[in-house]
Amino acid sequence: MVTISRGLIGEVLALPSRQMWTDYDAEVDVLYISFRKPQQANDSIMEEDGNIYHYRDDELVGITVLNASQKNIK
């Protein structure tokens, strides 16, 4: 049985898009989240949280989560 925490639901609703696409590559443990298809990002920044944030100009268009299975979901 899988359950989704209320905190996760709130975080998903706070994302910059109401529609998103996800893909998980278990072989390299990377989760890709896209808010636009295609993303057409022209800048990417790795933040202190270890995630890579992809931007098209000032708009967040995707997130790459490295070591996704090791992230602690609360």
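Visitor: What are the ground rules here?
Guide: Residues are numbered from 1 along each chain as its sequence is written, and side-chain values use heavy atoms, with hydrogens and water left out. The model is predicted: local features need pLDDT of at least 70 and side-chain atom pairs count only at pLDDT 80 or more, while totals for chains, interfaces and linings use all residues.

Visitor: Where does Asp 29 lie?
Guide: In the loop between strand 1 (21–25) and strand 2 (30–34). Strands are DSSP runs of E, at least two residues, numbered from the N terminus.

Visitor: Buried or exposed?
Guide: Asp 29 counts as buried because its relative accessibility is 10%; buried means under 20% relative accessible area (1.4 Å probe, protein chains only).

Visitor: Which side chain does it have a polar contact with?
Guide: That of Tyr 24, at 2.6 Å. A polar contact is a pair of N or O atoms within 3.5 Å; within protein, one must be able to donate a hydrogen and the other to accept it, and residues adjacent in sequence count only if both atoms are side-chain atoms.

Visitor: What about its phi?
Guide: Positive, near 55°, in the hairpin of strand 1 and strand 2, which has 4 residues between the strands.

Visitor: How many bridges join those two strands?
Guide: 5, and the strands run antiparallel. Pairing requires at least two DSSP bridges between two strands.

Visitor: Switching to strand 4 and strand 5: how many residues lie between them?
Guide: 2, in a hairpin where Asp 57 in the turn has a positive phi of about 55°.

Note on methods. Buried means under 20% relative accessible area, exposed over 50%, partly exposed in between (1.4 Å probe, protein chains only).
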